[in-house]
Amino acid sequence: MSEFEKAITSGGDERIELKDNGLNKYFLDPLNAEGLLTRASCTCSPLGTDVKVRVKAAFKMIRSEEASVEDIRVKQRFRMKALLQNSNTSDFNIFFAPSGSDLCYYPILFSKIIEPNKPIMSLITRPEELGTGSILANTAHYHAEKTQVLDNVEKGGRIGCGIKVDHMLFPARDTDGGIVDHKRKIYEAIETYRETHTILVNLVIGSKSGIEDSITIINDGPKDVTWVVDLCQMRARPKLFNELLAQNCLLMITGSKFYQSPPFSGALLVPEAYAQEVNKHQASKEIVTGFDTVYSKYDIPPSYRELRALFPEVKNIGLTLRWEAAICESENLSKYTEREATYAISNWNRRVVNYLEEKECFELLPDQELTNNSLLSVKVKGKNGYFDAEQLKRLYERLVLNGHEYQTKYERLAIGQPVTYEEHAFVRFALGSTNVRSLIESNHDMSDDFMLIDVVEKIALEIDQAS
């Protein structure tokens with residue numbers, strides 16, 4: 001493996017590491033997109049062929065000391081703002097993190113800086129459809145066995161002394177699979193705890209099945225709580241980002257979902273008004289203890305000089321390169337109009353839904369019309385009922401490792417990984433940025449999508465017959 005390839009798969013927790021067979025835990029090679037047909041867009045994308053040259057150039061600049069990690073990240077922040085910010089939006093700050101789960105620690109850190117003596121109440125929506133480890137991270141526990149700073153931590157252990165985070169969970173779906181509206185219950189919880197706790201309300205716009213919490217809960221809700229919006233899937237228009245930033249929300253994003261960079265990469269968008277509130281208070285070594293085992297000095301914007309000085313100087317080249325891949329891909333998509341991209345996604349959604357509905361073994365989850373158009377969640381039916389998590393795991397693994405045996409056009413096939421909640425389980429067909437560009441350039445040719453669905457059907461029938 002070359003130094004460049006080692007770098008792309010470094011600087012994260014154990015989920016990023018390759019197995020002896022050269023594949024990651026998702027059975028995919030994050031370094032090679034050649035010959036892959038994917039409708040996954042869910043933290044298992046390889047380095048795209050369209051961006052590889054530019055990412056390699058960034059790596060060469062770092063290795064030759066022509067540019068530092070700091071230099072590249074400063075430019076990345078400007079490029080990300082250019083993609084997300086409009087002329088009417090106030091400024092915002094960008095904090096990096098090795099993964100989406102690692103982003104969850106930032107609101108806790110900020111709360112401890114602003115009100116160090118108050119316990120925290122974290123209200124968490126759609127917990128079963130968030131990223132792996134998000135619940136642990138949202139309650140100030142290590143979500144993995146290592147960080148970018150430490151090679152060995154206790155998964156589930158507290159990240160710092162004296163940090164007390166209580167939490168309440170608000171499930172995504174009811175027992176029948178329908179999407180649940182928790183607006184009233186969240187307001188009630190805020191009223192119950194507002195006097196005794198600092199309150200973090202963790203919403204999600206774009207869960208694993210595409211569920212989107214309505215922003216009316218923020219518009220109509222109290223302003224004396226911290227609203228944290230999980231936009232990690234990045235399946236949203238810039239207009240929504242700007243609306244939420246104007247509401248003083250903290251926004252979590254990643255580059256490894258819709259923009260299909262290799263796993264993992266995270267960033268938190270912090271409105272200037274909130275940033276000023278953080279900067280008014282003096283952070284201490286005692287407050288950041290624990291957080292300094294997760295974040296590096298270079299994750300924090302240069303303008304936070306005093307806060308930065310409390311964190312280790314870990315130059316995470318891998319994270320920097322993965323964000324370079326995501327930003328390059330987002331710039332590629334920005335060459336098309338929003339109308340072109342929106343039509344490509346909605347047209348794909350309509351035609352793929354129609355094709356799936358022709359198949360007896362597939363059933364869309366309820367309330368699909370309330371989810372993001374770029375993602376379809378599907379239950380698989382067999383002779384003994386719906387496939388359970390174990391059956392879907394076998395289906396996914398067989399598709400990714402052996403799906404090419406059912407056709408000759410592609411060397412590898414992939415869909416979204418299985419998701420489980422309550423007694424239900426489903427798989428996902430999802431578009432990423434490179435897929436959207438391909439649809440536009442091919443005049444919306446869906447033949448690959450239909451072929452992929454056919455292969456998934458064949459594998460499902462084989463598994464069902466063998467059970």
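Student: On what basis are residues numbered and values counted here?
Tutor: Residues are numbered from 1 along each chain as its sequence is written, and side-chain values use heavy atoms, with hydrogens and water left out. As the model is predicted, totals for chains, interfaces and linings use all residues, local features need pLDDT of at least 70, and side-chain atom pairs count only at pLDDT 80 or more.

Student: How many salt bridges does the model have?
Tutor: A salt bridge is a side-chain nitrogen of Lys or Arg within 4 Å of a carboxyl oxygen of Asp or Glu. By this rule the count is 29.

Student: Lys146 forms a salt bridge with which residue?
Tutor: Helices (H or I, at least four residues) and strands (E, at least two) are DSSP runs, numbered from the N terminus. The closest N and O atoms of the pair are 2.8 Å apart. The partner is Glu17.

Student: Is Glu17 buried, partly exposed or exposed?
Tutor: Buried means under 20% relative accessible area, exposed over 50%, and partly exposed in between (1.4 Å probe, protein chains only). The relative accessible area of Glu17 is 33%, so Glu17 is partly exposed.

Student: Which residues are linked with Arg54 in a network of salt bridges?
Tutor: The network contains Arg54 and Glu331.

Student: At what angle do H2 and H13 pack?
Tutor: Two packed helices are described by the angle between their axes and the distance between the axes. Axes are lines fitted to C-alpha atoms, for helices over the stretch in contact, and angles run from 0 to 180 degrees between N-to-C directions. The axes of H2 and H13 are 9 Å apart, and the angle is about 145 degrees.

Student: Which residues of H2 meet H13?
Tutor: Contact means heavy atoms within 4.5 Å. On the H13 side are Ile317, Thr320, Leu321, Glu324, Ala325, Cys328, Glu331 and Asn332. On the H2 side are Arg54, Val55, Ala58, Phe59 and Ile62.

Student: Which side chain of opposite charge is nearest to Arg77?
Tutor: Arg77 is in helix H3 (residues 69–84) and is buried, yet has no salt bridge. For charge, Lys and Arg count as positive and Asp and Glu as negative; His and the chain ends are not counted. At 4.9 Å, the nearest side chain of opposite charge is Glu70.

Student: Where is the cis peptide bond that involves Phe264?
Tutor: Phe264 lies in the loop between strand S7 (250–254) and strand S8 (266–271). The bond has omega near 0 degrees and runs from Pro263 to Phe264.

Student: What is the phi of Ala140?
Tutor: Ala140 is in the loop between H6 and S4 and counts as buried at 2% relative accessibility. Although Ala140 is not a glycine, its phi is positive, at about 65 degrees.

Student: What is the phi of Asn248?
Tutor: Asn248 is found in the loop between helix H9 (238–246) and S7. At 31% relative accessibility, Asn248 counts as partly exposed. Asn248 is not a glycine either, and its positive phi is about 70 degrees.

Student: How far apart are the C-alpha atoms of Ile459 and Leu395?
Tutor: Ile459 is found in helix H17 and is buried, with a relative accessible area of 0%. Beyond its neighbours within four places in sequence, Ile459 is in contact with Leu395, Arg398, Leu399 and Tyr406. Ile459 and Leu395 are 64 residues apart in sequence, and their C-alpha distance is 6.5 Å.
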